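This briefing goes through one protein model with its ligand. The sequence and the structure come before the notes.

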Amino acid sequence: MAKKKPVSLEGAVKTDAGLNYKGVIMETIVEKCEGCDRVVPFEDASYCTTYAQPALKWTKGKCNFATHTREAEKGTKVKVNPLKASKRAARGR
Ligand code: SF4
């Protein structure tokens, strides 16, 4: 696995619109982001290092950058080899 880069929001400035980090306005994370590896705390709030508007990311279903939902899926998904599956079906098993 690739080494994780340490992510920090150093130099970010809080503004009325949100957290200004290198010219990008970042909004705080939403409840569904809890547990995601991309969440970085800054002062009294938490922000997403990948997506500036986490709430928007969740409006159309799951956030595709989320690390916590991917891990949960891994445990439930079972890879099926279609060739073997069809042979199994042909044998009546
Ligand atoms: S990657 Fe997605 S789930 Fe994770 S903190 Fe960002 S918006 Fe939230």
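The notes below cover the overall build, the ligand site, the nonpolar cores and a few loop residues.

The model is predicted. The protein has 93 residues, of which 24% count as buried. Three helices and five strands make up its elements, and the ligand sits in the largest cavity.

**Overall build**

- From the N terminus on, the order of elements is β-β-β-β-β-α-α-α.
- If contacts between residues at least 6 apart in sequence are considered, 41% of them join residues at least 24 apart.

**Ligand site**

**Nonpolar cores**

- In soluble globular proteins, nonpolar side chains tend to be buried together.
- Here the largest nonpolar core consists of nine residues, namely Leu 9, Ala 12, Leu 19, Tyr 21, Met 26, Val 40, Phe 42, Ala 45 and Tyr 47.
- Strand E2 (19–21), strand E4 (39–42) and strand E5 (45–48) are the elements that each give two or more residues to this core.
- Another core, of six residues, lies apart from that one, and its members include Ile 29, Cys 48, Trp 58 and Cys 63.
- Val 40, a member of the largest core, is in contact with Val 7, Leu 9, Ala 45, Ser 46, Tyr 47 and Thr 49, leaving aside its neighbours within four places in sequence.

**Loop residues with positive phi**

- Most residues other than glycine have a negative phi, and most peptide bonds are trans.
- Lys 22 is not a glycine, yet its phi is positive, at about 50 degrees.
- Lys 22 is found in the loop between E2 and strand E3 (24–26).
- Lys 22 counts as exposed because its relative accessible area is 71%, over the 50% cut-off.
- Lys 22 and Leu 9 are 13 residues apart along the chain, and their C-alpha atoms are separated by 9.3 Å.
- Glu 43 also has a positive phi, near 50 degrees, in a residue other than glycine.
- Glu 43 is placed in the loop between E4 and E5.
- With a relative accessible area of 62%, Glu 43 is over the 50% cut-off and therefore exposed.

- Thr 50 is in the loop between E5 and helix H1 (54–57).
- Thr 50 is classed as partly exposed because its relative accessible area is 31%, which falls between the 20% and 50% cut-offs.
- Arg 38 and Thr 50 are 12 residues apart in sequence, and the distance from C-alpha to C-alpha is 6.6 Å.
- Leaving aside neighbours within four places in sequence, Thr 50 is in contact with Arg 38 and Phe 65.

How values were computed: Residues numbered from 1 in each chain as written. Predicted model: local features only at pLDDT ≥ 70, side-chain atom pairs only at ≥ 80, totals over all residues. Heavy atoms only, no water. 1 Å grid on protein atoms, 1.4 Å probe; cavity = no way out; pocket = protein on both sides within 12 Å on 5 of 7 lines; lining within 4 Å. Sits in = over half its atoms within 2 Å of the grid points. Core = buried A, V, L, I, M, F, W, Y, C linked by side-chain atoms within 4.5 Å. Buried < 20%, exposed > 50% of the residue type's maximum accessible area, 1.4 Å probe, protein only. Helix = DSSP H or I, 4+ residues; strand = E, 2+ residues; numbered from the N terminus. Contact = heavy atoms within 4.5 Å.
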